[in-house]
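Notebook, surface and sheet look-ups.

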Amino acid sequence: MEALAISLVNAVPLLGGVPLWAVTLLLMVVVAVVILVFALTFEGVGSLVLRKVAGDIQARIGPNRVGPNGMLQFLADGVKLVLKEDIIPANADRLLFKLAPYFVFVGSFAAFVVVPFGVGLIAADLNIGIYYVMAVTSLVVIGVLLAGWASNNKWALLGGMRAAAQIVSYEIPVGMALIPAVLIAGSLSLQDIVRSQGGLLGIFGWNLFHNPFTFFSFFLYFTAAQAETNQTPFDLPEAESELVSGYNVEYSGIRFGLFFLAEFGDMFIVAALATACFLGGWNVPFFNAGTLPWIWGNLLSLGVFLGKAFTMVLIMMWVRWTLPRLRVDQLMRMSWKYLVPLTFVNLLGVSLWLLVFKGKGIPAMIASLLG
Amino acid sequence: MTIRTDALPTQEMTINMGPQHPSTHGVLRVILTTDGEVVTRAVPDVGYLHRGLEKIGERVTYAQYMPFTDRLDYLAAMNCNCAWAWTVEKLAKIEVPERAEFLRVIVCELNRISSHLIAFGSYTADMGAFTPFLYAIRERERVNDLFEMLCGSRLTYNYARVGGVSADAPPGFLEKSKEFLDYFEPKLDEYNNLISYNKIFVHRLANVAVIPAEEAVAYGLTGPNLRGSGVPFDLRKDEPYSVYPKFDFKVCVGTGERGTLGDCFDRYMVRINEMRESAKIVRQALAQIPDGPVLAKVPRLFKPPVGEAYFRSECPRGETGIYLISDGSVNPFRLKIRTGSFVTMNIFEKVTRGLMIADVVAVIGSFDIILPEIDR
Amino acid sequence: MEAQAIFETLKGKFGDAVVELQGEGFSPAFVVVAPGAVKEVSRFLKEDPALSFDALMCLSGVDYKEKFAVAYHLHSLKHRHAIGMKAFLPRETPSLPTVDDVWPAANFQEREAFDLFGIVFEGSKDLRRILLPEDWEGHPLRKDYKYPDFYHGIKV
Amino acid sequence: MSSDPAHGTPPGTPAASAGPAVTGPEAHVMVGNADLFVNWARKSSLWYLLFATACCGIELMQAGASRYDMDRFGAVFRATPRQSDLMLVAGTITHKMAERVKRLYDQMPEPKYVIAMGSCANTGGPFFKDSYCVVKGVDLVIPVDVFIPGCPPRPEALIDGIMRLQKIIMQKKNYGAKA
């Protein structure tokens, strides 16, 4: 960020008198606002798309009366939620009750910082990118648990406990399934991971096709991540038909709105990680977007990245509207008995592969064979 | 569950499920005592929809009671209409024209299909898959269209009459029914592909709330819930009424195909298979339906002879038995309706012991209860 | 087995406790038993191999104006025959032994009869109001029941 | 959307009697537009409480399902009263249930609306005369905005009721003229 600030100061002589730290701070705020706007827009549109997709899958139409073709539905929902009465139940723990939605929202929003949207489009290219995402998304579980506890409602409590157990269990397979990408790139930075999948192999440069283990990793990650974002078939913390509405049962108005938005934020983060780590991120097949002028290269790579990520989100929605829900013991069994051992075996496989074949993937080997 | 009590003081939690809860199928209230997620006791509390149908029966005439039978089981109003008509006819020994009986069988079986569709759909929704529910309702709309053609109503039909049915089938009804069956029968395979044999779905239902055959009989279960335990008892076959003996159909029983005999999955599959059998009956009835009048001559001021009759008919939720006492006046003297759901709720507390909260939902769904039948 | 034969079997076993057979105009026929003997007769009906009435289909209270009755509709899945059993009770103290240990199905239906008629089933596991609220006054299906004016401030 | 009688609002409308609290035409334009926007948001996002007691509940479900699809109007169901704007009382309310209905209504956040769907919720319906335990109309328990007749009302009637409620919402005054 500081480097960017220096180049900005150099480029715009008008800023010469302003201290560097102020420019940096200003830049940070601007970037934060841009990302917040993007996140909110995505989350709003996401909810609309979810309803449209649900409509399509369920032989319905979905929202089409509010604005042209229902496009303003999320705006109406948002305004309504903001203006709704904010109820805090009499026996709730007021402080924790108020705090919980922010934990959840911040946990999902903060992860946007390291998402590599394009060649140069990343708010902060942290050298511990993946680690950072895993860490901040863990805030969500604290928020959910707080919400469940503070509501003083037994359904909410059950939902909160389920969420805590579930997210803690699935963090492990999620992390383990992402490590192969880290191993291949040799870096925790998401930007490095994306760059490692470039080159002239086209889509075969993606980690997905690197070797059989990474291929498998992707599906393990996707399954575990589906669970981490509380999507059906793993939506036990909310489980409408069992726990009424789970941990957010007592929340109304904008506080519920924050939970609602965070859900879509989480969805996007999962899709973005899957894209960055396995599907080549912003890499345009057979083409290096970095060679284009800054603005066009970034726009192109942004388009590619969002296209891939949204496809993943759509698949998640599709799964969500298709499958029934697991029971809580089956959920735990699935994580600890199947996903965790499989991801470990998989990690071992990837490591051995990299060791034996000197880091070369199958497509690269075929390419070198063919000359 | 062996927790050292001295090490960790724990306490059971009492949770109130309902009367407003998404998966209690109406206003059922269950008081759950749980140890974490494990239910130690689930006591049903019913009566939130008690509308006094039996008392009303003593204050209106026999013909006036017909609309109230619609509200007895609104998902299978035709079956209840016909059950009432058959009961009164049994008491007063009225001959019903054959065409009317055929029409009754056709509408009863169509209604059984639409009722089982809701059972299937809401069950999958309870299990977290919301989409099949909407598919089921899409199909149900077609049955509603048929009934609307027949009697102008979508849900509460008031179609049967003492001595026959209110009106003959309008032109095109029989053909449309056949069209519906042609459309509907392949859909059942689609449902099976979509959800019935889905691995998660099977795991949720198999081996949950197993009811052995003897227990099912002792607790008075009837209909699909009894057949799910492997007891091949169907009033349409075993105590034939109306024109059912003319048709060839199979009594569907649970087979324990994915778990233990008598579990939730068996009860679910019985309903799916029964829809197929009902379609078969309707096809045969459509082919054999004779011409003729549809309403016997019944005096306007109808007074049945003094006597008592108990008539049992096979409704989608088990046996609906109507115990009717007449003192020779225009009103019934006493009317008692025995319904499948009410009797089924009796076993609820027993089978839910030791299950998880999610399983309680599965059990409620697998019994396919409906609240007006429980509360009347 | 026909109703007459069942009646004679019971008469031979229990003597005066089995009062009469209501055949004409009743379908199915009713065996009228003394209220005190309901449990023994029920047990015999269920356990005798020739009768084996394994299912209690319906249990109804009836208000015959001068007296109450409890009517049991029994069915045998084994022999595929059915019979009714009836016990007449005095209006003032309507009570008789429970049969929920013979047929578990009886519990809810006895509770219902208790709720709507005020018939007491002695020895029942769990005899509470079932359909009406706990604080409801009176038993609505009695013929002399007067509808209340208000319940919890809402007009009835 | 001006509530000032001087601006040509026909006499007799509720707005005319409310009286202006903000003066000047500019204020009215602002307030009017804000009202319009807020009301539009509220009417476009009527989340209804999944609360079905009897027969009407099935028609309610069918209205939400494939053929009628209330989601088109932005009306989706929520399982918890805290997140609902609209309570569709679909079915008979008995005396045993009445207190729970009141409680559910109390749990909903403002602004909240109630539609009584079907004859039972309107008046007790077929149970009006002979039943001893049916509440003769849910308006004895909670305030009702729209009554929909029918036993049960068809889904079209329900959607009509929702659209009438939307019209009522559009006429509400939230800012400016405080009553």
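I looked for nonpolar surface in this predicted model and found a patch of about 610 Å². The residues that make the patch are A:Trp21, A:Leu25, A:Met28, A:Val29, A:Val33 and A:Val37. I then checked A:Trp21 by itself. A:Trp21 sits in helix H2 of chain A, which covers residues 20–57. The relative accessibility of A:Trp21 is 61%, and I noted the residue as exposed because the cut-off for that class is over 50%.

Next I turned to charge. Which residues gather in a patch of negative charge on the surface? I listed C:Glu134, C:Asp135, C:Glu137 and D:Glu99. I followed up C:Asp135, which belongs to a loop of chain C. Strand E8 (120–122) and strand E9 (150–151) are the elements that this loop lies between. With a relative accessible area of 43%, C:Asp135 is partly exposed; that class applies because the value falls between the 20% and 50% limits.

Last, the sheet. I recorded an open sheet of 4 strands with mixed pairing, in the order E8(B)-E7(B)-E6(B)-E2(C). I asked which strands are the edge strands. They are strand E8 (334–338) of chain B and strand E2 (26–27) of chain C, and each of them pairs on one side only. I then took the pairing of strand E7 of chain B (residues 318–326) with E8(B): the two run antiparallel and are joined by 5 bridges. In E8(B), the residue I found opposite B:Ile325 is B:Arg334.

Notes: Residues are numbered from 1 along each chain as its sequence is written. Chains are lettered from A and ligands numbered from 1 in the order in which they are written. This is a predicted model: local features need pLDDT of at least 70, side-chain atom pairs count only at pLDDT 80 or more; totals for chains, interfaces and linings use all residues. Side-chain values use heavy atoms; hydrogens and water are left out. Patches are made of residues with over 30% relative accessible area and no salt bridge: like charges are joined within 9 Å, nonpolar side chains (Val, Leu, Ile, Met, Phe, Trp, Tyr) within 5 Å. Accessible areas come from the Shrake-Rupley method with a 1.4 Å probe; for residues, only the protein chains shown count as cover. A salt bridge is a side-chain nitrogen of Lys or Arg within 4 Å of a carboxyl oxygen of Asp or Glu. Lys and Arg count as positive and Asp and Glu as negative; His and the chain ends are not counted. The place of a charge is taken as NZ of Lys, CZ of Arg, CG of Asp or CD of Glu. Buried means under 20% relative accessible area, exposed over 50%, partly exposed in between (1.4 Å probe, protein chains only). Two strands pair if DSSP finds at least two bridges between them.
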